[in-house]
Amino acid sequence: MSLESVRAFFAEKAPDISVIESPISSATVALAAEAYGVEPGRIAKTLSLRIGERVILIVAAGTSRMDNKKVKAQFGGKPKMLGLEEVAGITGHEVGGVCPFGLKSPLPVYCDVSLKAFDIVVPAAGSTHSAVRITPERMAELTGAEWIDVCEHRT
């Protein structure tokens with residue numbers, strides 16, 4: 001279902017982008033980098049967070065690490081990662097396939113500036129064996145994301 005919701009999202013909003021599937025799991029940054037033949041930083045990981053009563057998604061470069069102080073300053077509360085069951089229930093995507101596309105219900109999406117280091121990034125596409133290749137700017141545009149700086153940047 002999740003992969004199909006992502007396919008439907010792109011069919012409607014960006015028919016020029018197609019979902020790519022891998023026979024090997026891409027559930028972690030390291031596995032995804034191997035599966036799609038890119039360096040780990042190009043993997044656009046999606047973090048599902050609860051801050052107070054709000055649930056948000058932050059998409060960041062695969063090698064970046066969330067800085068809790070920056071997140072707290074940006075959103076006015078302490079971030080807490082969603083649990084496994086919560087992630088699928090809220091986003092409609094299983095852990096390892098979470099992405100800002102084809103969500104079960106609308107959620108605020110934020111793109112960390114760490115993504116801007118790359119011309120093309122590879123976010124998941126709703127399953128642990130699917131992804132898309134997209135520019136960070138287009139991803140932000142298609143998902144209505146706001147650019148923020150909430151990660152420690154590593155190369």
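In the predicted model, Phe-101 counts as buried, with a relative accessibility of 0%. Phe-10 is likewise buried, at a relative accessible area of 1%. Both values fall under the 20% limit that defines a buried residue.

Phe-101 belongs to the residues with the most contacts inside the largest nonpolar core, a group that also includes Phe-10, Leu-115, Val-132, Ile-134 and Met-139. This core has 31 residues. Two or more of its residues come from each of the elements α1 (2-13), β3 (54-61), β6 (109-112) and α5 (136-143). A second, separate core contains 13 residues, among them Leu-47, Leu-49, Ile-58 and Ala-60. When neighbours within four places in sequence are left aside, the contacts of Phe-101 are Val-6, Phe-9, Phe-10, His-93, Pro-123, Ala-124, Val-132, Met-139 and Thr-143.

Four aromatic pairs were found in a search of the whole structure. In one of them, the ring centres of Phe-9 and Phe-101 are 5.5 Å apart and the planes meet at 45 degrees, so the pair is classed as tilted. This pair links distant parts of the chain, as Phe-9 lies in helix α1 and Phe-101 in the loop between α4 (84-91) and β6, 92 residues apart. Phe-9 and Phe-101 are both buried. The rings of Phe-10 and Phe-101 have centres 4.8 Å apart and planes at 55 degrees, and this pair is therefore tilted. Because Phe-10 is located in helix α1 and Phe-101 in the loop between α4 and β6, the pair ties together parts 91 residues apart in sequence. Phe-9, Phe-10 and Phe-101 together make up one aromatic cluster.

Methods. Residues are numbered from 1 along each chain as its sequence is written. This is a predicted model: local features need pLDDT of at least 70, side-chain atom pairs count only at pLDDT 80 or more; totals for chains, interfaces and linings use all residues. Side-chain values use heavy atoms; hydrogens and water are left out. A nonpolar core is a set of buried Ala, Val, Leu, Ile, Met, Phe, Trp, Tyr and Cys residues joined through side-chain atoms within 4.5 Å. Buried means under 20% relative accessible area, exposed over 50%, partly exposed in between (1.4 Å probe, protein chains only). Helices (H or I, at least four residues) and strands (E, at least two) are DSSP runs, numbered from the N terminus. Contact means heavy atoms within 4.5 Å. Rings of Phe, Tyr and Trp (its six-membered ring) pair if their centres lie within 6.5 Å; planes under 30 degrees apart count as stacked, over 60 as edge-to-face and the rest as tilted.
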